[in-house]
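Hi,

Here is the structure I said I would pass on.

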Amino acid sequence: MITIPIYDTILLPEVTFFFKKEVIDGWNINEFENGTIIAFAMLKEDIDIRTVTMEDIYPVGVSARVESIDSEGNVKVRTIERVKFISLTRDHDGTTESEIVGLPEIKDMDEKEKNERFERLRSKFLKFVQNYQWGLWARGFILQWKNINELACSMTGYFSITWEEKFAIVETDSEAERFDLIEHSSYEFMEMADVAEGAELEQQARNESIYREDAIKKQIEILQRELDEMHPENISDVRRFEKEIAESGMNETAEKEARKVLNRMKQEGQDGHEYGMLYDYLDFVTSLSWKPEEFKPIDLEYAEEVLDKDHYGLKKVKERIIQQLAVMALNKKQSGSILLFVGPPGTGKTSIGQSIAKALGREYVRISLGGVRDEAEIRGHRRTYIGAMPGRIMEGMKRSGASNPVMVLDEVDKLVRDYGGDPSSALLEVLDPEQNFSFTDHYMNVPYDLSNVLFVCTANSTDTIPEPLLNRMEIIEFPGYTATEKFHIARKHLIPKAMKQTGIRRKDINITDAAVRKLISDYTMESGVRGLKKQVETLMRYAAVRMVKGQGEKLSVKPANLREYIGHRGISHDIIDKKAVPGVVTGLAWTMAGGEILFIETKLVHGNGKTIITGQLGDVMKESVEIAISLVKDMYPEETRILTERDLHIHVPEGAVPKDGPSAGITLVTALTSLVTGKPVAPNIAMTGEISLRGNVMPIGGLPEKLMAAVRAGVKTVFIPEKNVEDLEDVAEEVKKELNIIPVKKIKDVISQVL
């Protein structure tokens, strides 16, 4: 029998339908005759009908009789009964043939009940379509249904059921079961359509409300814009931020976040509880400079002039800075190492950052990191916290108002690590040129380019700076100033600045050179000039009081009346003893305030071989004492037998001051050797250097400051480690001229020359 495959459609018995097609499965429509019996096979999926097989069809279909064919190709067909396909083949002419058997229906439904339920269902459909614009057309369509099968064949394309469920309607033998399935799908369809229609109407109403609200908002914005143009001083916050965001030059991520926050701010309104927080955020991000600054040509001669004018001395420091600027000038961008200025307080580490900014024509900003213990101080607080703020880095960028300032990170050696995180680790991203082009502050939550910032760090010592952070910076040592350098700094900078601040004129005061030198030598004990600055300011305040009281004569400041004007005695520095005493040797020490001489005193007292150490020595110096005792016992076995019979007392004066560091080794060995041999060491001889258990003299740090302290104390000869000879390049010539500096490699070289 000729078989026509159909897809996504079901056919049931006693249904009349029409179709039109020029060729059906290779047969010409015109060859069909009235009474021709054909079968309809339902495909499992949409496939090419020319390759259909038994596996591609459902096993149950329907047979039908061709009733008529009109002139336009419309074929009227009336289905007969359900059939079961036994086989399916294709002939050589392309037509599909099948072997089928009929499937009888189970008449388990009363005709009266069937008709009543059908009429009730059709009435339900007629009532259902009244609510739709297409209801008039659908009404005529529904009235043509004569039985439940025609309803099912017409509507199954609209039912929300699977093809397997559609086939189940065809497959069932029971009329009652089929009726139930069709009825259930029909009511489900109408209910879902009602729900969808209700949801659509509700959505339409909501959309109309939104459209109306948007239209009103646009009208308000237009009116507000006109008011802003008429009265720019009263511009609204939203309009101001819209304008600033558009003109800021933010990157895409930042602009997206800013507009997102601005939209929230619009929705909140000025009475909203989050309005203030949103306002602060937008005010901060729009205050930053996002546009890259145009690189300005660097004039090295002008830079040298600025550095020389603002700072006296510091020759090597200035040379290194000029080298950095030269590299930037060649690359026409920020490049080179991160500079770390290390030195005692008052040596100009911070102020030279201002000079660099002046030389480059850039903005200057200083950030103090001393005592910072919370990582959020660097990276900022997340906005989810109450009172959230940006970190110090981005706050500094806001204050500078530029994208390429000179930023001085002061006191990086005083960062503290605790439960709040590790601030020094947060600085790694800030200072690393491989990462800081997209630095993300937690408060901002968007990347910001820090690669154009010239970072300058300062520290008094590198001992407390973590190694990973220290590796990202180039250390530039700031040596202490000599007395001559301090004199010139006082004359060129400190005195003129103090006079300007206090309103003192040149004709009102005369400070002699001798008074300035005495002020330096007797009233300060530092490597820098911070203390000297305070003393000069004290003199100016004294002169100001005299002028206000009407004592108009010119104030003459001489060494003799310094105490009267300043109001306190000068600072007493340790100076060398005049008399040599066995067991006492002068050492040199480095402190945060500069260099100082240090006496190592040893003495044998009655006892039973104990070693007594006083003077608040730290662990490192205590280890040096142990090594020194072992070396002396090894070098002088006979002389040191007495150490088993008497107690050895080692003392470093000024017991209230803690002392530590790896530089007192050779001084301890020399003092102990002098004690056990009874040979004194000349008081004008000083020494510095660590010692190893093999007697090697190890290198030390802070040599320039130590040698300046030696000159101030009256020392004439200084022993230093041979490995520190290169450091003499950093020592001022006037200091080296005053001293006989002897490099030594072994402790025996020291002993042989001093004893």
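**Cavities and a helix pair**

The search turned up three cavities of 30 Å³ or more. Keep in mind that this is a predicted model.

Sorted by class, the lining of the largest cavity comes out as nine nonpolar residues, one polar and two charged.

The other thing to look at is a helix pair, H16 (residues 483-502) and H18 (residues 530-548). Their axes come within 9 Å and cross at roughly 45°. An angle counts as roughly parallel under 35 degrees and as roughly perpendicular from 65 to 115, so H16 and H18 are oblique to each other. As for the hand, the crossing of H16 past H18 is right-handed.

On the H16 side, the contact is made by Lys-486, Ala-490, Leu-494, Ile-495, Ala-498, Met-499, Gln-501 and Thr-502. H18 brings Leu-532, Lys-533, Val-536, Glu-537 and Met-540 to it. What classes do these contact residues fall into? Eight are nonpolar, two are polar and three are charged.

That's what I have for now.

Cheers

Technical notes
Residues numbered from 1 in each chain as written. Predicted model: local features only at pLDDT ≥ 70, side-chain atom pairs only at ≥ 80, totals over all residues. Heavy atoms only, no water. Axes fitted to C-alpha atoms, helices over the stretch in contact; angles between N-to-C directions. Helix = DSSP H or I, 4+ residues; strand = E, 2+ residues; numbered from the N terminus. Parallel < 35°, antiparallel > 145°, perpendicular 65-115°, else oblique. Left-handed = near helix turned anticlockwise from the far one by under 90°. Contact = heavy atoms within 4.5 Å. Nonpolar A, V, L, I, M, F, W, Y, C, P; charged D, E, K, R; others polar. 1 Å grid on protein atoms, 1.4 Å probe; cavity = no way out; pocket = protein on both sides within 12 Å on 5 of 7 lines; lining within 4 Å. Points joined across faces, edges and corners; volume = space filled by probe spheres on them.
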